[in-house]
There are 2 protein chains.
Amino acid sequence: MKTYQPITPEIIEKLKAITGPTYVKTDRDMLLQYQTDYETNPAMFHVPDAAVSPANAQEISEIVKLANEYDFPITVRSGGTSLADGAIPVCGGLVLCMDRLNKILELNEEGMYMTVEAGVRTVDLQNAAKKVGLMYAGDPSSAESSLIGGNLATNAGGLRAVRYGVTRDQVYCLEVVTPTGDIVECGRILKKCSTGYDLEQLIIGSEGTLGIITKVTVKLIPLPPYRFDVLAIYTDPRQALHMVPKLMKAGIDPTSVEYMDNSYVRGCADYCHYKDMPHYDDGIYVIITVETFHEDELDTKMDAVCTICEESGAAEVLEADDRVWNMRRNCQTSVELQSKVFLTDDVVVPVHKIAGTIEKIMDIGKDYPFEVKINAHIGDGNLHIVLCKMDMSDEEWEKNVEEFHQQVYAYAYSVGGRLAGEHGIGAKKLKYMEQFTPKGELKIMKTIKRAMDPKDILNPGKVIDA
Amino acid sequence: MKTYQPITPEIIEKLKAITGPTYVKTDRDMLLQYQTDYETNPAMFHVPDAAVSPANAQEISEIVKLANEYDFPITVRSGGTSLADGAIPVCGGLVLCMDRLNKILELNEEGMYMTVEAGVRTVDLQNAAKKVGLMYAGDPSSAESSLIGGNLATNAGGLRAVRYGVTRDQVYCLEVVTPTGDIVECGRILKKCSTGYDLEQLIIGSEGTLGIITKVTVKLIPLPPYRFDVLAIYTDPRQALHMVPKLMKAGIDPTSVEYMDNSYVRGCADYCHYKDMPHYDDGIYVIITVETFHEDELDTKMDAVCTICEESGAAEVLEADDRVWNMRRNCQTSVELQSKVFLTDDVVVPVHKIAGTIEKIMDIGKDYPFEVKINAHIGDGNLHIVLCKMDMSDEEWEKNVEEFHQQVYAYAYSVGGRLAGEHGIGAKKLKYMEQFTPKGELKIMKTIKRAMDPKDILNPGKVIDA
């Protein structure tokens, strides 16, 4: 990794001239809030030299040009909800906060799109659409606290991707400040386009390494008026997992297919203080949501879902009420009850390989001193593995995590999977990215990064080692 | 544009050593077949110096490395159905034909995907999926003769994009030979992915300038068993066009919404020898297709479609039979009856701007000596404007076409549109690409092209002037 120049008082003065002095922070106590994101392991924390909160793309452009001139790194901070150390300034330098770009600029009902600044909270965007009977279909579990720009940067997935796709599928166009400081609009509000390279999709998912997203225009779709939520409880994980392909081929087009292993069922019920959850002791929960535009269609599909679940061996098939969804949404936070330091991993495999993958991971986990907890968006092959440090020593923890990951990632790649389905690579998985990505692919990525960001100014130490 | 080295006898010998002598052509009479694609204007034709038909990615890789070593350009030829001079070797050099890469490699019903070589005909891929009750949703009008690699290269759209999206939405992953000769797999069979840059979407739509696609894995979806096709006939184009937003917001999720102006209705009916087509003299045809998984749903949606059409002023609402679809599919070829040389243009605008755009284009057309014919995928804002040379002189034709285009493109860009919705830029629109694309966007595209193809070997003279 390259050596950068320090942020000098001269640079600080220039930053203050761009944003006004209020929006530049250099006090170490103030900067501590930017040393981490959702990372819980203090060994990974890093305090920046300064932080700045620009008001708009123009100011960001000036800051990026300054960074190129004085050769200091910029780490973009969106909602700070990264689970991959994406917002940690691992090379020091400047943290650039997006929270002041928080305006909804246009909601066009006829054109069915919404244009917002990148710092708008995902949930605010969802709610604005809902108010006019439309839907923004992106729905990461972090919607309450993540910002839409961060959703794009990591190509966030979440709970409704089975039907509606991931964040990249929700985007018409975006405005980006390039690594050399140009302000560029990529994409347009078009359903078809064959006019040059698809730059918006290249920027989406690049985790801030190819540009700072400042504005986003997302697709809105009609809000389906009918919905049902089924909770299918299994006692054998294989039966739960082998139900999925049948569901996907039945033309039901479910919105969500969520999986919580029994460890999560118990942990989340405890965390939410829910007594008497069915099969608390031995149940694996699969939540299936279906949305329709017609009542008849809803009835037909509900019958079909229940039949598929029963025939695949479900112990019980119930309506999934708010409690069940609340448990699902608290999977992440419920772990805090168990262990102060824990690690949430995010692996993705082809949907038809998820059953084998979960079985394999549980099998691998038996050799390790930590409990392996799994929740998964099984409808899209994306699983989250949580490991708890508990009272392990740092050395023991690091060693076991490393060995476990080597085994899990090697297996995932052997069945056509990848390191991350929705959390991104960040700093946390950089070394695995170098290890597991086929050489030719990595070469193209580095060629693009070096060409677009010749001084490696934006988010260095993330995604790839350029 | 740079000057390349000629293809010498030494190079020909090396090409023959790679593919075997049978697959290298240098005879001028044989090479004439590669001087054009669907281009009808001889002024645009260009005969290559040689043509080669490699068997696989390995041979293509060796040919590309040879081109880098000896500095000659390669133009990739897929089905040769480009309407944007995409397959014309405008810089001479070598034409590389994809027709020998024609094998379906795997159809995985459980995983719902199909892997094929890039030279498989689109229709063969569609039919292979249908045979097992699944659907490949890409459906360009040229499906009978285009090859899947060409569909990806131009991000082909077509008739079912309203519901299923364009070609880029159908692709899980691809194998590409890079401009420097590496063989790289981009993407995987994953529903979610946040593991580095989205290279597959960058390659898709790059019209062979960033790599030669050699293998493709496409998504398959369940084949909806129920379908209806409505023909709504209007006599006022505004009424037809203003119906579209209502249709899109009603939760009907139509598969196709196609528009033929009265000139096409008459031309296609004549071409197909159909007598007594309703409203032959004054009708504008809008064809609406809806597919469902349940019969009840079909009935409900059919009622809704008919009501929307009637309330928006349709003169007649009928079932669209095979004749109507046959007319629609022959829009392009029917024009040949009218004029030996004609120009099919492809412009895309936001869906909610299509009514105003078609009205504007008809208005612009009044000042020109050619008849302006319009058919459109109005459900996705994509329109095709056909101009017929008839017996105009070359000079008069060029001058009028140029002036007409300047007006049409300027208007399209003013409402957020783009030069091409599905045909690509090719060589034909290169100069407009330079003229109309915002500078910052063009700069990123050229940066990427130069970094990935430093010697400008692949498809020079197409998309951008690198």
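Domain 2 and domain 4 of chain A bury about 580 Å² between them, and carbon and sulfur atoms give 44% of that area. Buried area here is the accessible area (1.4 Å probe) that two parts lose on being put together, summed over both. On the domain 2 side, G158(A), V162(A) and E207(A) lose the most area to domain 4 of chain A, together 57% of what that side buries.

The model is predicted: local features need pLDDT of at least 70, side-chain atom pairs need 80 or more, and totals for chains, interfaces and linings use all residues. Residues are numbered from 1 along each chain as its sequence is written.

Chain A is divided into domain 1 (9-100), domain 2 (104-222), domain 3 (226-332) and domain 4 (338-436). These bounds come from an automatic or database domain assignment. The C-alpha centres of domains 2 and 4 of chain A lie 28 Å apart. Nine residues of domain 2 of chain A contact nine of domain 4 of chain A, with heavy atoms within 4.5 Å.

Now the sheet. Seven strands of chain A form an open sheet in the order β15-β12-β14-β13-β17-β18-β16, with antiparallel pairing. Strands (E, at least two residues) and helices (H or I, at least four) are DSSP runs, numbered from the N terminus. Two strands pair if DSSP finds at least two bridges between them. The edge strands are β15 (316-319) and β16 (342-348) of chain A.

Look next at β17 (372-377) and β18 (382-388) of chain A, which pair in the antiparallel sense over six bridges. There K373(A) stands opposite V386(A) in β18(A). Helix α14 (394-414) of chain A packs on the sheet, touching β16, β17 and β18 of chain A.

Methods
Chains are lettered from A and ligands numbered from 1 in the order in which they are written. Side-chain values use heavy atoms; hydrogens and water are left out. Axes are lines fitted to C-alpha atoms, for helices over the stretch in contact, and angles run from 0 to 180 degrees between N-to-C directions.
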